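Good morning, and thank you for coming.

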Amino acid sequence: MSVSPSVSSSLSAPAAPPTQADLLDFVRRTAADTALIASLPLDPEGRTWVRLEGPGGSEAWLIGWPPGTGTGWHDHADSVGAFLTARGELTENSLAARLPTDGWKTLELSEDVDRERRLSAGKGRAFGRHHVHEVLNESREEHAISVHAYYPPLPRIRRYSRTGQVLRLEQVERPEDWQ
């Protein structure tokens, strides 16, 4: 007995999870959707956001940044991610250092770990697990809008304070804290 090709080809393996490159491609394509970007309600006082359907079960967000706003230092725990500025300009300050994932409250950073990227409209980046950064709209007059995607969907966000070269874990947020 033989199995017809149409029957055997209907059995497919589950799709691979999205990679950092897949997420960057998604945020790039989404940021190019001018109608979607224009539809985001902007608040002059605080950030606004809309959850989007990301690729392959990822979590995605469209975020509006009033002048002078930012995230503070944080990471996305075990998720990889990508973000891209759709309008305006954002600054990303990040640490070029692998931090311990758990079990610490205060770390002294070496002098050469700081990185700064200015991401104007159409510019973005992907990042790996445990990437510590802050994102800022340093403009005094212009809103910025960005698209973000994370996989797996954010299990937690760790928030840090920073004084000089000392990084301190301040809070761990879970999805129920920001939904």
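Phe83, Phe127 and Tyr150 are linked into a cluster by ring pairs. Please keep in mind that this is a predicted model.

A pair of aromatic rings is described by the distance of the centres and the angle of the planes. How are Phe127 and Tyr150 arranged as an aromatic pair? The pair is tilted, with 6.4 Å from centre to centre and 55° between the planes. Phe127 belongs to strand E8, residues 124-127, while Tyr150 belongs to strand E10, residues 144-151. The two are 23 residues apart, and their pair links distant parts of the chain. Are these two residues buried or exposed? Phe127 has a relative accessibility of 3%, and Tyr150 has one of 6%. Buried means under 20%, so Phe127 counts as buried, and so does Tyr150.

In total, the structure holds 3 aromatic pairs. Another of them is formed by Trp104 and Tyr160, whose ring centres are 5.6 Å apart. Why is this pair called stacked? The planes of the two rings stand at 5°, and planes under 30 degrees apart count as stacked. This pair, too, links distant parts of the chain, for Trp104 and Tyr160 are 56 residues apart. Trp104 is found in the loop between strand E5 (89-95) and strand E6 (106-108), whereas Tyr160 is in strand E11, residues 157-163. Trp104 is buried, at a relative accessible area of 11%, and Tyr160 is buried at 8%.

I now turn to two residues on neighbouring topics, Ser120 and Glu89, which are in contact with each other. Ser120 has its place in strand E7, residues 114-120, and Glu89 lies in strand E5. Which residues does Ser120 touch, if those up to four places away in sequence are not counted? They are Thr85, Gly88 and Glu89. Glu89, leaving aside its neighbours within four places, is in contact with Arg118, Leu119, Ser120, Leu136, Asn137 and Ala144. Ser120 has a relative accessibility of 29%, and Glu89 has a relative accessible area of 37%.

Let us finally consider the whole chain. Its secondary structure comes to 4 helices and 12 strands. The C-alpha atoms fill a box of roughly 75 × 40 × 30 Å along the principal axes. Of the 179 residues, 44% count as buried. The chain exposes about 9,800 Å², of which carbon and sulfur atoms supply 51%. How many of the contacts between residues at least 6 apart in sequence join residues at least 24 apart? The share is 75%. As for charge, the chain has 20 positive and 25 negative charges, and their mean positions are 3 Å apart.

To close, I return to the rings: Phe83, Phe127 and Tyr150 form a cluster, and the rings of Trp104 and Tyr160 form a stacked pair. Thank you for your attention.

How values were computed
Residues are numbered from 1 along each chain as its sequence is written. This is a predicted model: local features need pLDDT of at least 70, side-chain atom pairs count only at pLDDT 80 or more; totals for chains, interfaces and linings use all residues. Side-chain values use heavy atoms; hydrogens and water are left out. Buried means under 20% relative accessible area, exposed over 50%, partly exposed in between (1.4 Å probe, protein chains only). Contact means heavy atoms within 4.5 Å. Accessible areas come from the Shrake-Rupley method with a 1.4 Å probe; for residues, only the protein chains shown count as cover. Lys and Arg count as positive and Asp and Glu as negative; His and the chain ends are not counted. The place of a charge is taken as NZ of Lys, CZ of Arg, CG of Asp or CD of Glu. Rings of Phe, Tyr and Trp (its six-membered ring) pair if their centres lie within 6.5 Å; planes under 30 degrees apart count as stacked, over 60 as edge-to-face and the rest as tilted.
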